[in-house]
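Visitor: I am new to this structure and would like to learn how to read it. Please show it to me and take the features in turn.

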Amino acid sequence: MSEFRTLRGMRDFLPDETGLLRSIEGKAREVARLYGYREVITPVLESYELLAAKAGEEVRTRMYAFKDLGGRMVALRPEFTASIARLVAVTLRNEPKPIRLYCIGSLYRYDEPQKGRFREFWQSNFELIGSDKAEADSEILLLTNRFMKAVGLKGYVFKVSHIGILRSIFGREGVAEDAQNRALQLMDKKMYDEALSLLRDAGASEKCLKTVKEIVEIKGSNVNSILAEIEKLIQDYEEAVYALKNLARILKLVEAHALNVTVDAGFARGLEYYTGIIFEVYVPELNIALAGGGRYDRLVELFGGEPTPAVGVAHGLDRIMLAVQEQNAPLETRKANAAALIATNETLAPEGIRIAEMLRSEGVPVEMEVMGRRVTKALEDADRRGAPYVVLVGEKELTENSVVLRDMHKKQQQVVKIEDLAKILKDLGI
Ligand code: AMP
């Protein structure tokens, strides 16, 4: 048979990488606890129709979609938000608001693999449902900030805008929603000329195109002056001004909390369901977004629920992991290695297992020698595995209810009573 490998864009996480991913997840869970978000688990497989509804062209065309054996069109989830909106529209429809939910899991997109872009990737996803207030948006920004800080990242920047600024302008110009979506997709890829010519074809006036062009060029971290500049440009578009004021209020609420914010009104996100603030998080070392989110006030309704405002964020755990590695962020991932336990001959195996089980019951991790190696070889192996201590179960010591405890670094050993062994190992940090 040929040698099997993972599929393109898919990867195995080896123990060290898994450890890193899990400790990043642990930080996300801690953030969830601090802000009162409760975990839900939704299926990896959902109806294609649900996932495709508002995913946007880019994501929609990259879904792993297929007919199941019952003839239903299904797909592997490319994101979490559609599933959460379904949950809120149907199962949790009578739940008092706000609802704070989070989920962690794998997503699937047939993206072109490159650094930080995989076909299976991981997210922690936070959704705050039921509030249309700026306080809710600010909470999503603040918890994302806390998460980035908790994993030890430095120099990260929030790129923010409000999708209502561009959409209101396009809408006033009579640009149909479909054309708006395509124009925003192009802008998301920084293909501004193509976006402008599409808008022109869709009926936008020259004045509008000029305004859009100018908006796209304004960006920067001096939030108040950038917002004022944009406001000047969009005076004639009342709804756009309203959107801008909403963005200003959200940013005011986070002002005191040291978020590094860049306003970039020309940026758009791939997903079509956003109605309010949109944002992404970047670190200087990588030119791909570590997280992305925004407000989506109509999605729950689209799935048959009550009109329900909502705001959320997806943190890309693979990319956060990359950023942590690039920055050498001091994230604690490894616990002390287990102690090794070696029965010095085969007949002592039952006693060895008994002692190992006793230690585990006391919470001490033990790796038992199971290869039938002789003591010298077994000690070499324990050394290779980085076991800091080895318990040698020998005939002579057993007659005195004792074992030999060997310190692998100091290369010293002592005889200790079996009844004291767990405490001694714990005191040694195992
Ligand atoms: P999105 O759902 O497209 O807004 O993505 C949210 C976050 O998920 C992004 O900021 C990335 O960190 C992460 N992400 C999206 N697509 C991929 C991918 N193909 N590989 C790795 N991470 C991804």
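Guide: Helices (H or I, at least four residues) and strands (E, at least two) are DSSP runs, numbered from the N terminus. With those labels, N401 falls in the loop between α16 (395–398) and β16 (402–407). This is a predicted model, in which local features need pLDDT of at least 70, side-chain atom pairs count only at pLDDT 80 or more, and totals for chains, interfaces and linings use all residues. Residues are numbered from 1 along each chain as its sequence is written, and side-chain values use heavy atoms, with hydrogens and water left out.

Visitor: How many helices and strands are there in the chain?

Guide: The chain has 17 helices and 17 strands. Its radius of gyration is taken over C-alpha atoms, and the globule rule is 2.2 Å times the number of residues to the power 0.38. The radius of gyration is 28 Å, well over the 22 Å that the rule gives for 430 residues, so the chain is more spread out than a compact globule. Along the principal axes, the C-alpha atoms fill a box of roughly 95 × 55 × 45 Å.

Visitor: What share of the residues in the chain is buried?

Guide: A residue is buried under 20% relative accessible area, exposed over 50%, and partly exposed in between (1.4 Å probe, protein chains only). Buried residues make up 52% of the 430 residues in the chain. Accessible areas come from the Shrake-Rupley method with a 1.4 Å probe, and for residues only the protein chains shown count as cover. The accessible surface of the chain comes to about 21,600 Å², with 50% of it belonging to carbon and sulfur atoms.

Visitor: Which residues touch the most other members of the largest nonpolar core?

Guide: In soluble globular proteins, nonpolar side chains tend to be buried together. A nonpolar core here is a set of buried Ala, Val, Leu, Ile, Met, Phe, Trp, Tyr and Cys residues joined through side-chain atoms within 4.5 Å. The largest such core has 117 residues, and I24 and I320 touch the most other members. Contact means heavy atoms within 4.5 Å. Leaving aside neighbours within four places in sequence, I24 is in contact with F147, V151, L317, I320, M321, V324 and L331. Another core, of 21 residues, lies apart from the largest one and has L341, A356, L421 and L425 among its residues.

Visitor: What does a buried residue in a strand look like?

Guide: S124 is an example, found in strand β6 (residues 120–129). S124 is buried, with a relative accessible area of 0%. Not counting residues up to four places away in sequence, S124 touches A28, C103, I104, F147, V313, A314, H315 and L317. F147 is also on the contact list of I24.

Visitor: Is helix α6 mostly covered or mostly open?

Guide: Helix α6 (residues 163–172) is mostly covered, with eight of its 10 residues buried. Those residues are I163, G164, I165, L166, R167, S168, I169 and F170. They pack against β7 (157–162), α7 (177–188), α8 (192–201), α9 (206–217), α11 (238–254) and β10 (277–282). Just after α6, G174 takes a positive phi of about 80°.

Visitor: Which residues other than glycine have a positive phi?

Guide: A258 has a phi near 55°, and N401 has one of about 50°. A258 is in the loop between α11 and β9 (261–264). At 68% relative accessibility, A258 counts as exposed. N401 also counts as exposed, at 52%.

Visitor: Where is the peptide bond that is cis?

Guide: The bond from K97 to P98 is cis, with omega near 0°. P98 sits in the loop between α4 (81–89) and β5 (99–108), and is partly exposed, with a relative accessible area of 43%. Beyond its neighbours within four places in sequence, P98 is in contact with L128 and I129. P98 and L128 are 30 residues apart in sequence and 6.7 Å apart in space, C-alpha to C-alpha.

Visitor: What share of contacts joins residues 24 or more positions apart?

Guide: Such pairs account for 68% of the contacts in the chain with a separation of 6 or more. A150 touches K27 and L331, not counting residues up to four places away in sequence. A150 is partly exposed, with a relative accessible area of 32%.
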